[in-house]
Amino acid sequence: MGLRTKQRRSSRARNATSITAGAAMLVAGTGHLSFARETFQAQVPDWVPLDKDTTVLASGVVEIALGAALIGLPRQRQSVGAILAAFLVAVFPGNISQYTGHRDGFGLDTDRKRGVRLLFQPLLVAVAWWSTRETA
């Protein structure tokens, strides 16, 4: 298999992953604004200076914007991917807060489940970054 074929496959995989990540962000953001609003509040650390509902609503709007940008602005995908990766790093303290505060949410009703969830956040950051980079 030639280098060009490998690059095309990688590019297609990155595009598909980026679009999937965008769709996931749209669903998560919509959840922040509606059906999972209270559940997302369990992830907001007590030290955040805004009230939990405001924080959840604001992060939902950001997630919808990032998801829409990943899907709808392919020429800006690298910039959007970098912003998404940074956003996912920025919200990681919420996942830590859910774990350390022993707060249930999204079926994460044990410390073990919440701990496993913590392990996935770096993977999400890596996916956001990888899927939006140009192939070499």
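## Salt bridges

Asp109 and Lys113 pair through their side chains in a salt bridge, N to O at 3.0 Å. The term requires a side-chain nitrogen of Lys or Arg within 4 Å of a carboxyl oxygen of Asp or Glu. Asp109 is partly exposed, at a relative accessible area of 42%. Lys113 is partly exposed too, at 39%. Here buried means under 20% relative accessible area, exposed means over 50%, and partly exposed lies in between (1.4 Å probe, protein chains only).

This is a predicted model: local features need pLDDT of at least 70, side-chain atom pairs count only at pLDDT 80 or more, and totals for chains, interfaces and linings use all residues. Residues are numbered from 1 along each chain as its sequence is written, and side-chain values use heavy atoms, with hydrogens and water left out.

## Links across the chain

The whole structure holds six salt bridges. One of them joins Arg103 to Asp46, N to O at 3.0 Å. It spans distant parts of the chain, 57 residues apart. Arg103 sits in the loop between helix H5 (92-100) and helix H6 (111-130), and Asp46 in the loop between helix H2 (37-41) and H3. Helices are DSSP runs (H or I, at least four residues), numbered from the N terminus. Asp46 is exposed, with 60% relative accessibility.

Arg114 and Asp104 form another salt bridge, N to O at 2.9 Å. Arg114 belongs to helix H6 and Asp104 to the loop between H5 and H6, so the pair ties together parts 10 residues apart in sequence. Arg114 is buried, at 4% relative accessibility. Asp104 is partly exposed, at 48%.

## Around Ser59

Ser59 lies in helix H3, which runs over residues 52-72. At 14% relative accessibility, Ser59 is buried. Its side chain reaches the backbone oxygen of Val56 at 3.0 Å.

Leaving out residues up to four places away in sequence, Ser59 touches His32 and Phe87. Contact means heavy atoms within 4.5 Å.

## Nonpolar cores

The largest nonpolar core has 12 residues in all. A nonpolar core is a set of buried Ala, Val, Leu, Ile, Met, Phe, Trp, Tyr and Cys residues joined through side-chain atoms within 4.5 Å. Among its members are Met25, Leu66, Leu84, Phe87 and Val125. Helix H1 (3-33), H3, helix H4 (77-90) and H6 each supply at least two residues of this core. H4 gives the largest share, five residues.

A second, separate core has five residues. Ala36, Phe40, Val44 and Val48 are included in this second core.

## Largest pocket

The largest pocket has a volume of about 730 Å³. Pockets are found on a 1 Å grid over the protein atoms alone: a pocket is an open set of points where a 1.4 Å probe fits, with protein on both sides within 12 Å along at least five of seven lines. Lining residues have an atom within 4 Å of a point. Grid points are joined across faces, edges and corners, and the volume is the space filled by probe spheres set on the points.

In total, 32 residues line the largest pocket. Closest to its centre are Glu63, Leu88, Val91, Arg117 and Gln121. H1, H3, H4, H5 and H6 are the elements that give two or more residues to the lining. H1 gives the most, with seven residues.

Technical notes. Polar contact = N/O pair within 3.5 Å; in protein donor to acceptor, adjacent residues only side chain to side chain.
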